[in-house]
Structures are given as C-alpha cells and as structure tokens.
Amino acid sequence: MKWDEFFVLGDPMIYGAMVSIVAVSMAIVVGLTYFKKWRWLRDEWLTTVDHKRIGIMYIIAALLMLFRGGVDGLLMRGQLAMPENGFLDAQHYNEIFTTHGVIMILFMAMPFIIGLMNIVIPLQIGARDVAFPYLNAVSFWLFFAGAMLFNISFVIGGSPDAGWSAYFPLASTEFSPSVGNNYYAIAIQIAGLGTLMTGINFIVTILKMRAPGMTLWKMPMFTWSILITNIIIVFAFPVLTVALALMTLDRLFGTQFFTMTDGGMDMLWANLFWVWGHPEVYIVILPAFGIFSEVIATFSKKNLFGYKSMVASMLAISALSFLVWVHHFYTMGQGALSNSFFSITTMLIAVPTGVKIFNWLLTMYKGKIEFTTPMMYALGFIPIFTFGGITGVMLAMASADYQYHNTMFLVAHFHYVLIPGTVFGVLAGFYYWWPKIFGFMLDDKQGKRAFWWIAISFNVTFLPLFALGLKGMNRRMFTYSEESGFGPLNLLASIGSVGLAIGFILLVYNIYWSFRYAPRLNGNNDPWDARTLEWATHTPVPAYNFAITPEVSSVDTLWDEKLGTHKIFKGKLEEIHMPNTSFKPFWMAIAFFFWGFFMVFSWWIPAIIALIPIIYLLFARSFSNDHGFHISVKELEEEEKKLRGGTK
C-alpha cells in the first residue's frame, strides 16, 4: 500500500484536521505532565469501575462527538447554502453525510444516554453500583475503542461513503472499493458489543438490585424507561451484530450475502439494518421520555399524572418498534398488502406517544411550574416533537410516501423527532443531574440563553427543509441548479445551522464559567427540591452511594420523607463491599482498537497478533480471584462526617 492510499491527502481541511489531532494530543500529554496528573488519570479514570465515573466518561465522549458530528453538519449546510457550490466535491459530501449520521446516532446520542443511565440508575434504585461493575468498564472502553477507530477513518484510509444505513450494493467493494466501509463494519461492531453488554448489565441491575420496598410499580419513570430501553437493546443489537458480521465477510473475504449476483440479496441488508435501525430510534428516545417525566414532575411540584399509563405506553412503543421497519421500503416493490400492514403499525405508535404527551400536560396542569433550564428543554420538546410526530404520520401513509420518500421532507422529519426527542432530552437531564454529579449548578441564566439559541435556530434550520422536500429536492444531493429555486430556503437553513452552533458553544461556555465561578452547594443535596431517591444521598455522591441502604415507600419516596410520612434511612451503618479497580478493560480496548484497525486494511498477521492480548485478558479475568474490598464502619463514619461538613 502506498502512503497516498494510507493517508488521506490533497484536501486542505484534512490537513488541518491532521494538524489539530497532533496538536491536541501533544497538548494533553504536556498538560498531564506539567500538572503531574498521570497517576490521577490512571487511578481515578482509566482503571475505574465506579458507575458514576464511567457515566461521566460516556458524557465527555458524547459531547466531543456532538461537536465532531456538528462540524459535519455545518460542512453540509455550507455546501448547500448556494446553488452550484464547489465547497465540497461529491465524494467528500458522501463521506460527510455518512459520518454525520453514524456519529450523531451511535457515538453521540447513545453514549450520552448511557452516561446518564450509568450515573442515575443505581442512585434511583438505591444500589451501590451496577450488577457487574467490571463488565460496565469493559462496555465503556469497547465503545470508546469503536468510536476512535471510526473517527480516524477521515485521515487514514478514507471515511465510509454509503450513508449511515450503508445500503448494498453501494456499500459493496464493487461500488466502494476503499477501506471506508470496512471502518463502518468493524468500528460499529466493536462499539455495539459494548452496548449489548450494557443492556444486559442494566436489566440485571434494575431487576435484582432495587432497594427494599421498591417494587416494579414504585420505580421512578426514568428507571422504567431505561429498563424497557435495555430490553430493546438486547433484542435489537444482535441483529446488527449479525448484519455487520455478514458485511465484513462480504467486504473482506468475498462472500456473496448482499451482492446482486451469485445468490446474494441486497435487500437482505436493508431488512436486517432496519429490524435493528427502527428500534434504535426508540432506544435513543425512550430514555429522553423518562428524563422529561422526572423533570416535569419535579418542576411542576406534582406527582407524575397517569403513572401506569405512562409505563404501558412505553411497553406498547417498544413492542411496536419491532413491527414498523418495512415503512422504509414503501417504494421498493413490497406490495399493497405489506405496505398497508406496516402503515397501520407505524401509525399505531402515535397512540401511546400521544398518551405520554397528554400525561405530561396534565402533570403541569395546576402545578407550580418553575421555569428552570431543564424545564425549558422539556417545554420546548412538547410542541416541536408533536409537530415532528405529525409529519411522521404523513410519512406513514404508504401512498403519500411515494411523494415524500428520499426527499428533504424526510430529513426534516427525523431531525424534528430526534433533536427535540433525544438532544433536548439529554440536555435536560444534563442540566438536571449536573449538581448531583459535581456539587454545583450550571448557571441558569446562561443555560436559558443557550436553550433559546438552540430552539429557535433548530426551527430556522429544519423547517425550510419540509418545503424543499415538497418542492422536489432529494436528500443527499450535493449540489443543485439555480433554476431549481432551492437556493433561498437552503441559505436560510444554513444560517440556522450557524445559530445552532452558537447555541452549543454557549452551552460549553456555561460549563467553563460554572466550573470557575458557580457557588458550591456545600451539603445542599437537593437543590431542585426533587422527588426521587437519587437526591437523598450526598452531593457530590460518595463512591458507595448510600452509607445506609434506603427503604422505599412510593415512586416519590423523597417527597414522602419531606411530607413526614416516610423515613428513607432506617438502618444503621454496616460494612460495605466494593469492587476493585482494574486496568484490564482499558488494555482490552487498546487491543480491540488495533485488531479492528488491522482488519480494516486486511493485514491478517497483525490482526491475529492483536487477538492474543484480547484472548489473554479474557482468560485472565475468568481465572482471577478478585473479591473486591470492604469499607469499615469506622471509615464510613469518618467519611459521612466529612460529607456533612464535620457534623454528626
């Protein structure tokens, strides 16, 4: 292989990216060395199995990927801002819209949700950690290895270019002979293994580790949403695993699963992808529904209206999510009967979703609403998401979809669902649980300013795309003629995308400003006057979460204690068992990264060598005799006294 085939050369933006990668890497190394933080990095982060620290690392990775994917979005809008623009060529545009979709769904939305899940769920159910802390660390590091492997593709070898759904035959070696789609197949496979492990881990955690008194019908709504989400993960992700394995065999070993000759079937890939892909939409939206439920109840000063109907609606959505994938194929010759069935199942999802919207509105009815930043995201979500859902019902009609299919109308629809439904959700949770994680609050005034920039700019960006789609502009067009009349609306959308970028920059500035200047809570464990169990422990949360095992009386058990009808901590201090830290997950991620990299380029001998440490680490863990450690009662008393500010 020649150097110009190994490195991506000839594009000034790629050269700039290479320089920035080297500069940032050197800055990190110099900073850690200058401030003598290498041991701190190793002991506190690289080897941790603490669910809270793992959650923070997921969120940091998600924020980095948000800006990585956001830059792709800005580049696309820059190309489409005017007719016959030469800012990007067709190949570069294909690569950018592919990486934008993959990064935003799999490497931004998913880790952001899993990060909040890691931090909050053990606290909400009164547990001291997840069921399998070591596996939790392996899950994160596999995700991180997959994300880093995918992201180096744009400077080494070339990015995937067949769209985030990687349809065959476009993703085959015949039409995409570069290694870009090898990155797609292998990097997502590695990250997906971590996600599947997370699904298993949290199902066991929620079902087996709840505090005394917390029956299923006394779980907070966020916990319910996470339980249902992880059940979907366990059923959906194996389908993606199989599809990516077959894709790898086709691209690297010349098999014919998805070819158009020799017995292959390109539609097999499309079916496998969307059997996973549509449940994936609800994997990233259901947790946001749980977050909005917590936020709206807290800032309305009321218990959540229609608790059981909310749970039932999520269960209905999860079941229906596996019965709608063929609505992606209305125009592909499935036949009237098939189209009609999947049109009905797609429209049915609107019913349980509507139940949730009305329950949130009725929760706020006659409530004492506080317009905090998390509540602003929840309130902004309801009308924008409802509008996006209505356009989804339009797309669900098979006959009408012949007009909308593969146009910018569809692009507008899924952004109107995913950005308010997922991004607003994780940002609401980010602001809401921030003080529990770090012991101080993000500035509310700056948070609201960022919200308005994001909410208004979002509509300016994506509302014009509905009109462009109805006027006939196809999605994934990298250029268009002036005579088409698409120019003014595209320019408006591009201006809106700059506003979105400003909104997210304001969010980052808020984090920086609050770290430096925001007052610390100093023992105020419940700054929001909240209702659920995670706010009953110290802020910031100690490694063991709860010194005394809590006892639960209802969904809003902390609120019950405030009313004087229940006492959460009735027991006495006892010795606590905790898991040991481990370097093995980190080293396993490095081994997986190099194995994946060598597989991408079909370097078989280095790939086999990279498998050796993976197998060794698996066996080493299987035969290790690690029983963790214990925190004595005396140590607990001292730690609790310190957390209470020196008082008994």
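1. K366 counts as exposed, since its relative accessibility is 71% (buried is under 20% relative accessible area, exposed over 50%, partly exposed in between, with a 1.4 Å probe and protein chains only). K366 sits in the loop between α12 (350–364) and α13 (373–396); helices are DSSP runs of H or I, at least four residues, numbered from the N terminus. The phi of K366 is positive, about 60°, although K366 is not a glycine.

2. This is a predicted model, in which local features need pLDDT of at least 70, side-chain atom pairs count only at pLDDT 80 or more, and totals for chains, interfaces and linings use all residues. Residues are numbered from 1 along each chain as its sequence is written, and side-chain values use heavy atoms, leaving out hydrogens and water.

3. D529 also has a positive phi, about 55°, and is not a glycine. D529 belongs to the loop between α17 and α18 and, at 32% relative accessibility, counts as partly exposed.

4. P540 is found in the loop between α17 and α18 (557–563), and the peptide bond from T539 to P540 is cis, with omega near -10°. Another cis peptide bond joins F168 and P169, with omega about 5°; P169 lies in the loop between α6 (133–151) and α7 (180–208). Most residues other than glycine have a negative phi, and most peptide bonds are trans.

5. The axes of α16 (residues 444–470) and α17 (residues 487–517) come within 8 Å and cross at roughly 160° (axes are lines fitted to C-alpha atoms over the stretch in contact, with angles from 0 to 180 degrees between N-to-C directions). That makes α16 roughly antiparallel to α17, a term for angles over 145 degrees.

Definitions and conventions:
Helices (H or I, at least four residues) and strands (E, at least two) are DSSP runs, numbered from the N terminus. Angles under 35 degrees count as roughly parallel, over 145 as roughly antiparallel, 65 to 115 as roughly perpendicular and the rest as oblique.
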